Amino acid sequence: MSITEINHWLNGGEAAGHGSARQDVFNPATGQVSGSLHLGDAEDLQKTLEAARAAADVWGETSLSKRMAVLFKFRELVHAHTQDLAALITAEHGKVLSDAAGEVGRGLEVVEFACAMPQTLKGEYTDQIATGIDVYSFRQPVGVVAGITPFNFPVMVPLWMAPLAIATGNAFVLKPSERDPSASMLLAKLWKDAGLPDGVFQVLHGDKEIVNGLLTHDLVDAISFVGSTPIAKHVHETATRHGKRVQALGGAKNHAVVMPDADLDLAADHLSAAAFGSAGERCMAISVAVAVGDAADKLVANVGDRARAITVGNGTQDGVDMGPVITPASKERVLRIVTEAEQDGAVVVVDGRDLAVEGHAEGFFVGPTVLDRVKDTMTAYEEEIFGPVLAVVRVETLEDAIRVINANPYGNGTAIFTASGHAARTFQRQVTVGMIGVNVPVPVPAAQHSFGGWKDSLFGDLHIYGPDGVRFYTRGKVITQRWPAENDISGASMNFPSNA
């Protein structure tokens, strides 16, 4: 099997950089090394940020109409290369091709939102707020933005960040995950083909050295991050201490409450898709089903049936519903947590620990797993597993379910399945979670709204994409102006000015 050399994208083209370190990239379905990734060093970081700074100074003064011409062209190119991007995602992440194409589609929604930036960036104007005085406001780019993105969405999450940053006039440096870096390189080429000037979008691969360099370098003005909660805390604390604007999205433990009056077949269908899609490696995956009262037994049976019917295999093959997890370490962690839950008294309704995929003995596969009667003291409940495991917690009332959710340190997403409008309204008002679905299992907001959780799922004031994304990548100015006639008396006073 040939090994692909994976370079950086620096100042308009591919470059190996000066760093001597390399990292293997694997195909999770086969367990084989597919690429050799160049990792950057301090010299690469310095040159990348110098190019970004120079590009930002010019791009930030470029007219909105010219910026939008690039955005519209980029949108068309991404759409035309959806299958190419999906193939790269599947080859290095493992999710099935249809899911990978769906990821590209969700990213495109944010590109399309960014294409409306001339309307979005319109400021405000108050005429004659005082005699002869007008006030107006507008927003300007922050400068150089670094995006540090996770392995689970190597296209969608960069598209949640870069199009808004670029549309608002910033230069953007992407530090993608080292586990599946190739899709970011195709995105860089598509930006180039769309007419984006050199240096406005760059891809710098690296490890902790590059991450910490981005967090502390004085040429970086803002940091966007998506990843685990411990790293999100580190990113927020370190970059904020160095004077940067930061949005850092952390981990999740998303609950779905199923009421006795819910359509339990519908709920089971959606819970299975939300728990096992992309092998559970989604920050918005449903990893806990909270079964209320009489819903529990039938729900567990229904979800178990659906979990057993899922076809697991190489994501490039027809008829496959779910692929592997990303690394051998991820697989071992899932197996350990399931075993610990069983030892602590959970009932293993569907067991994916011994799954074997024909012809892929070296792949990193774990089958769909359903755990019933999970307690909040079990590791399977406390930790974000990031694997195809659904834990079922049983409670008696909606109030009990809300208490369970609110006691959890995470607050990313949650859902309720019910036929009762009263129950849904009570739930959505009382849970301490940022994104809520009502009979919708994965409540990822459309691009016109912003994505972000509460508690340990978000560090920083502004959520990602949507209106909050525009605010994050820009700074506001308010102008108070007077144009007096030459013979007007100034009316200056030592008193504090007012509009009296």
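How much space lies in the largest cavity? In this predicted model, about 100 Å³ of space lies in the largest cavity, and 3 cavities of 30 Å³ or more are counted. The lining of the largest cavity is formed by 15 residues, among which Gly-280, Arg-282, Ala-285, Ser-287 and Phe-386 lie nearest its centre; by class, this lining comprises 8 nonpolar, 4 polar and 3 charged residues. The second largest cavity holds about 50 Å³ of space and is lined by Trp-9, Gly-12, Ala-188, Trp-191, Lys-192, Leu-196, Pro-197, Asp-198, Gly-199 and Phe-201. Helix 7 provides the largest share of the lining of the second largest cavity, namely 3 residues, and the lining divides into 6 nonpolar, 2 polar and 2 charged residues.

Helix 7 (residues 182–193) also packs against helix 3 (residues 82–92), at an angle of about 160 degrees and with the two axes 8 Å apart. Because angles over 145 degrees count as roughly antiparallel, helix 3 is described as roughly antiparallel to helix 7, and the crossing of these two helices is right-handed. On the side of helix 3 the contact involves Asp-84, Leu-85, Leu-88, Ile-89 and Glu-92, whereas helix 7 contributes Ser-182, Ala-183, Leu-186, Leu-187 and Leu-190. The residues in this contact of helix 3 with helix 7 comprise 7 nonpolar, 1 polar and 2 charged.

A further helix pair is formed by helix 2 (residues 64–80) and helix 4 (residues 97–114), whose axes come within 10 Å and cross at roughly 165 degrees. That angle makes helix 2 roughly antiparallel to helix 4, and helix 2 passes helix 4 in a left-handed crossing. In this contact, Met-68, Leu-71, Phe-74, Arg-75, Val-78 and His-79 of helix 2 meet Val-104, Leu-108, Val-111, Glu-112 and Ala-114 of helix 4, and the residues involved divide into 8 nonpolar, 1 polar and 2 charged.

Turning to the open spaces, the largest pocket contains about 1,100 Å³ of space. It is lined by 44 residues, of which Phe-151, Arg-179, Gly-227, Ser-228 and Ile-231 are the closest to its centre. At least two lining residues are supplied by each of strand 4 (22–27), helix 8 (208–216), strand 11 (222–226), helix 9 (229–241) and helix 12 (328–343), and helix 12 accounts for the largest share, with 5 residues. The lining of the largest pocket is made up of 20 nonpolar, 14 polar and 10 charged residues.

Definitions and conventions. Residues are numbered from 1 along each chain as its sequence is written. This is a predicted model: local features need pLDDT of at least 70, side-chain atom pairs count only at pLDDT 80 or more; totals for chains, interfaces and linings use all residues. Side-chain values use heavy atoms; hydrogens and water are left out. On a 1 Å grid over the protein atoms alone, a cavity is a set of points where a 1.4 Å probe fits but cannot get out, and a pocket is an open set with protein on both sides within 12 Å along at least five of seven lines; lining residues have an atom within 4 Å of a point. Grid points are joined across faces, edges and corners, and a volume is the space filled by probe spheres set on the points. Helices (H or I, at least four residues) and strands (E, at least two) are DSSP runs, numbered from the N terminus. Ala, Val, Leu, Ile, Met, Phe, Trp, Tyr, Cys and Pro count as nonpolar, Asp, Glu, Lys and Arg as charged, and the others, Gly among them, as polar. Axes are lines fitted to C-alpha atoms, for helices over the stretch in contact, and angles run from 0 to 180 degrees between N-to-C directions. Angles under 35 degrees count as roughly parallel, over 145 as roughly antiparallel, 65 to 115 as roughly perpendicular and the rest as oblique. A crossing is left-handed if the near helix is turned anticlockwise from the far one by less than a right angle, and right-handed if clockwise. Contact means heavy atoms within 4.5 Å.
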